[in-house]
Amino acid sequence: MSAPSSSAPVLCAHCHKTVANFEFCTACQAVAYCSIEHQKSDWELHKPVCHSRRQKEPYIAHIDFGRSTTDNSPWCKPLVDAISLPYPRSFRLVASPEDLRSLLAHPILPSAILCTSGEIAKKQHANLRGALKAYIEQGGRVVLGGPGIGWVPYCDIPKLLSSIGGVSWKTEGYHRTTHTLNAAHPLVAALPSPGSSPTRATLPDTYSCKAIVLKGVATGDMMYRSTEDSGVESLAMLLHGGKVGSDEVAVAATKVGEGWFAWCGDVNQEEGTTAAMKVLLGL
Ligand SMILES: [Zn+2]
Ligand SMILES: [Zn+2]
């Protein structure tokens, strides 16, 4: 037990009440509790946070409620493995709306949140979408994407994007085509040079994916987009006319307040998308 000297009131990380006789987490010294009981109750939530602070690793949360995509979808597993394997104890699965609520109320927030759950688009989760928006504005990162997001009704996607990211991006189509990296995107331009960091994702210059693509994205916010050379690459999807316009965006990320909001429209979780997601999550 030790208390950093500060005149600010100390709040219990579990019940958020001001406490006089507090105990700091002995491992990280970053959070306090009003009682041993509340420390025990908070442990499941605090464990990945505590580990990430001691190891100076990012703490990532993964929203996956509603359809259990992590457990049941073979598409989601490579994504979760790629993100969690370097940081096994700093990665937290958020499996219910209640879980997300307590995560966002915790004094230590994750460095980034991956949301692969289409459930978040439902009417009853408006408060959670608002809380995610506030989290981004304070410096957090939210990445929407992965197979589960394909379950969001197509017409609801712009509403989802505007309620969490405050953007007016629109859905433009759904097809397989080749997308090109925008090397000038601030998150791409800021990457360390290849080979300088063991965990740095290698972004392909181009890759083919089947994605829900956006229009209305500012050029600077486009991370992977179609060009004049892009054509529909899936025969089944030629039914939709076989045309792909340029500047249809599969991966977009924009600065919102102090943080970042991103969209990955790929529904099959191709390797290129996993690499892009790692960059978007700040890994
Ligand atoms: Zn308490
Ligand atoms: Zn701790």
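**Exercise 1.** Which residues does UniProt list for "domain: MYND-type"?

*Solution.* Start with the record: the unreviewed UniProt entry lists residues 12–50. UniProt positions follow the numbering used here, feature names are shortened, and annotations may be inferred rather than shown by experiment. Before going on, note that this is a predicted model, where local features need pLDDT of at least 70, side-chain atom pairs count only at pLDDT 80 or more, and totals for chains, interfaces and linings use all residues. Residues are numbered from 1 along each chain as its sequence is written, while chains are lettered from A and ligands numbered from 1 in the order in which they are written. Next, look at the span itself: residues 12–50 are 38% helix and 10% strand, and their end C-alpha atoms lie 15 Å apart. Helices (H or I, at least four residues) and strands (E, at least two) are DSSP runs, numbered from the N terminus.

**Exercise 2.** Find how many helices and strands the protein has, then work out which strands pair with β7.

*Solution.* First, the tally is eight helices and 11 strands. Now for the pairing, which requires DSSP to find at least two bridges between two strands. β7 (residues 170–181) runs antiparallel to β8 (residues 206–215), with 10 bridges; here Thr178 sits opposite Ser208. β7 also pairs with β9 (residues 222–225), again antiparallel, over two bridges, and there Leu181 faces Tyr224.

**Exercise 3.** Is Val152 buried or exposed, and why?

*Solution.* Begin by locating Val152: the loop between β6 (141–145) and α6 (157–165). Then count: Val152 has 20 C-beta neighbours inside 10 Å, so it counts as buried. The cut-offs are 20 or more other C-beta atoms within 10 Å for buried, 12 or fewer for exposed, and partly exposed in between, with C-beta atoms placed from the backbone. Finally, check the contacts (C-beta atoms within 7 Å). Beyond four places in sequence, Val152 meets Gly118, Ala121, Ile157 and Leu160. Gly118 is 34 residues away along the chain, yet the two C-alpha atoms are separated by 4.9 Å.

**Exercise 4.** Which residues have the most contacts inside the largest nonpolar core?

*Solution.* A nonpolar core is a set of buried Ala, Val, Leu, Ile, Met, Phe, Trp, Tyr and Cys residues joined through C-beta atoms within 7 Å. The largest has 61 residues, and Val142, Val143, Ala252 and Ala262 have the most contacts inside it. Another core, of seven residues, lies apart from it and includes Cys12 and Cys34. Back at Ala252, its partners beyond four places in sequence include Trp169, Leu214 and Trp263.

Technical notes: Two residues are in contact if their C-beta atoms, placed from the backbone, lie within 7 Å.
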